[in-house]
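Let's walk through a structure together, one feature at a time. Have the model open as we go.

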Amino acid sequence: MIVWAILLIRIYQLTIKSNTYYETLAQQNIVRKEWILPVRGEILDRHGKPLAINKIGFKILVDPHLSRKKRAKDLKKTMRIIVRDFPDLNITKMIHRYRRHDSPYRHDPIIVAKFIPYDAMLPHFTELSRRPYIHIRPTTMRYYPYGSMTAHVIGYVGRANRREMREDETVKLTMVAGKSGLEKYYNRFLEGVPGYRRVKVSAFNERIATLETVPPKEERDLKLNLDMDLQAFISKLFKQKGLSGAVIVMRTDGAILAAGSYPAFDPNDFVSGITRKAWRAIIENLNHPFTNKLIHGLYPPGSVVKPGVALAFIDSKKITPYTTFYCNGAIELGKKIKHKFRCWKSTGHGKTDMVKAIRESCDVYFYNGSLQTGINKIAEELRKMGLGRKTGIDLPNEFIGVVPDKIWKMKKYGQPWYMGETLNAAIGQGYMLVTPMQIARYTALLASGRLPRPYLAAKLGKEPIRPAFEDVLSPREKRALPIVRRAMYEVCNNPKGTAYRTLHDAKIKVAGKTGTAQVIGIPQEEKKRMKEHELEYYHRSHAWLTTYAPYKHPQYVVTILVEHGGHGGTAAGPIAKEIYNWLYDHGYIKER
């Protein structure tokens, strides 16, 4: 009875219980799932001009199982036919790629040429399609029409690595991922969702019928706030003058109209794989074209932080806008060993209040004010205003920068804070490092009273991106803001202002602040400082200019950094004037 019971149970398992399992195996043998890859969404400027598109072309595939010794002749013959029509292809690399992917268990054709342009394939399409073992299938390749002009904003796509394929199923199928810029930040949106078709196949893996088709979710276009005409105009200005640095044109709500990092690179070189020669030319360039200086460039801000430091003075309740300090050209610290901290104007500014200190960029005023306020209060306020922290812009891997205080130095170096370091920090020198994007955002705060989040994308498909703000200023700072704005107006419109010479006659009234960020220190024993043009190029100071306009009704921020440009008013002022005149001429600003 036990034996018969075991036999009956086994018969039940094989005939009834295992039916589902074997039915599934049979289905897998006769039904194949073919993925339908989505076409990557395009990136457009505010007027619909394409900044990242998909070029139409073809890929060449060869049947598997030709790498065996018996069929080696067929493989070589097939490759020679392909190379005969497309001599730029390397037959050795094609055979190597084929053998790497071929195996007894593979049934799908193997890609040997990833992309052949449409026009190049057209004359050979019919003849190649009739050849045994060869398959021609349509495909696309990413293309950036404006090349280097948008390289650091748009970014580029490239062959996906293992981590990217592990984290994203769509990338695993397409083998392509965004590597930088908007292409990387919005990769999940742009790549779409694959579709598939279920097809019935014979024992020889030949398609018999299509059972089901699910189309991919694609055509996910990304529309930007960027104006490509303005972007090209700024790129031309930098190229003509042979300058390196960064420029940001942003509405006071954070929408970015133009953003450039110079010099740049051509992202098209990376789509299909950059050559060693081209890569060496990029990395050996001392002006770092591969670095996105907008969010990865860390620089001492110099005097552009002075309006923010002035608000910190006021919020400390130790200094009012009408407090004055006397500037004779320097201040000395120390009892036994005297350390001299110079003002940029060796003869001094005389009796100086807050408006005059910002207008003429008096260092001694800020030295004295910082000694009363203290580094911790200054650092707290500057961080609150967006310096030394991420802006939240829709670009990947944004750098943080440094706004130092006593705790920061102890954690970083295990050393106490010295009084002289407070003086350096008050004029944007010493340990302090910021990005141009942080300065643009901070300037929008000074102009509008609210700290915006910078954003490049205007629409994800049909979904608009809304501005976002932080209310960070204290009531005392808000009450003092008109005085700081008046001082920034005088920087550009008072004959004694540091940017008066280049900006007073712009087509609209501009307010701003210049900055000169030292690259090398000045020895104490040096009595007379060398002029910027007398220094070696890479020892010259970086030139800052950050502005907003129109003065009475702020709408736009223009922030410019010219690497090793010397003085902000001289190096960056003419560029800012050209940009504001362009905005006026093209109807962005209608108020004179």
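**A guided look**

Q: Is Cys-343 buried or exposed?
A: Cys-343 counts as buried, because its relative accessibility is 5%. Here buried means under 20% relative accessible area, exposed over 50%, and partly exposed in between (1.4 Å probe, protein chains only). Keep in mind that this is a predicted model: local features need pLDDT of at least 70, side-chain atom pairs count only at pLDDT 80 or more, and totals for chains, interfaces and linings use all residues. Residues are numbered from 1 along each chain as its sequence is written, and side-chain values use heavy atoms, with hydrogens and water left out.

Q: How many disulfides does a search of the whole structure find?
A: A disulfide is a covalent bond between the sulfur atoms of two cysteines. The cut-off is a pair of cysteine sulfur atoms within 2.5 Å, and the search comes back with zero. For Cys-343, the closest cysteine sulfur belongs to Cys-327 at 4.0 Å, which is too far for a bond. Cys-492 is in no disulfide either, with the nearest cysteine sulfur, in Cys-362, 18 Å away. Cys-492 is buried too, at a relative accessible area of 0%.

Q: In what order do the five strands of the open sheet come?
A: Strands of a sheet pair through backbone hydrogen bonds, either parallel or antiparallel. Helices (H or I, at least four residues) and strands (E, at least two) are DSSP runs, numbered from the N terminus, and two strands pair if DSSP finds at least two bridges between them. In this sheet the order is 12-11-23-22-21, with antiparallel pairing. Strand 12 (256–262) and strand 21 (511–517) are the edges: each has a single partner strand, so one side of each lacks a neighbour in the sheet. Look also at strand 22 (residues 542–549) and strand 23 (residues 556–562), which are joined by seven bridges. There, Ala-549 sits opposite Tyr-556 of strand 23.

Q: Which strands does helix 12 touch?
A: Contact means heavy atoms within 4.5 Å. By that rule, helix 12 (residues 228–241) packs on the sheet against strand 11 (245–251), strand 12 and strand 23, and its direction makes about 30° with that of strand 12. For such angles, axes are lines fitted to C-alpha atoms, for helices over the stretch in contact, and values run from 0 to 180 degrees between N-to-C directions. Helix 25 (residues 573–585) lies across strands 11, 12, 22 and 23, at about 150° to strand 23.

Q: How many salt bridges does the structure hold?
A: A salt bridge puts a side-chain nitrogen of Lys or Arg within 4 Å of a carboxyl oxygen of Asp or Glu. The structure has 28 of them. One of them pairs Lys-306 with Asp-363, their closest N and O atoms being 2.6 Å apart. Lys-306 is in helix 15 and Asp-363 in helix 17 (residues 363–373), so the pair ties together parts 57 residues apart in sequence. Both Lys-306 and Asp-363 are buried. Compare Lys-478 and Asp-471, bridged at 3.0 Å: Lys-478 is partly exposed at 37%, while Asp-471 is exposed at 58%.

Q: Where is Ser-303 found?
A: Ser-303 is in the loop between helix 14 (276–283) and helix 15 (306–315). Ser-303 is buried, at 9% relative accessible area. Leaving out residues up to four places away in sequence, Ser-303 touches several others, including Ser-361, Asp-363 and Lys-513.
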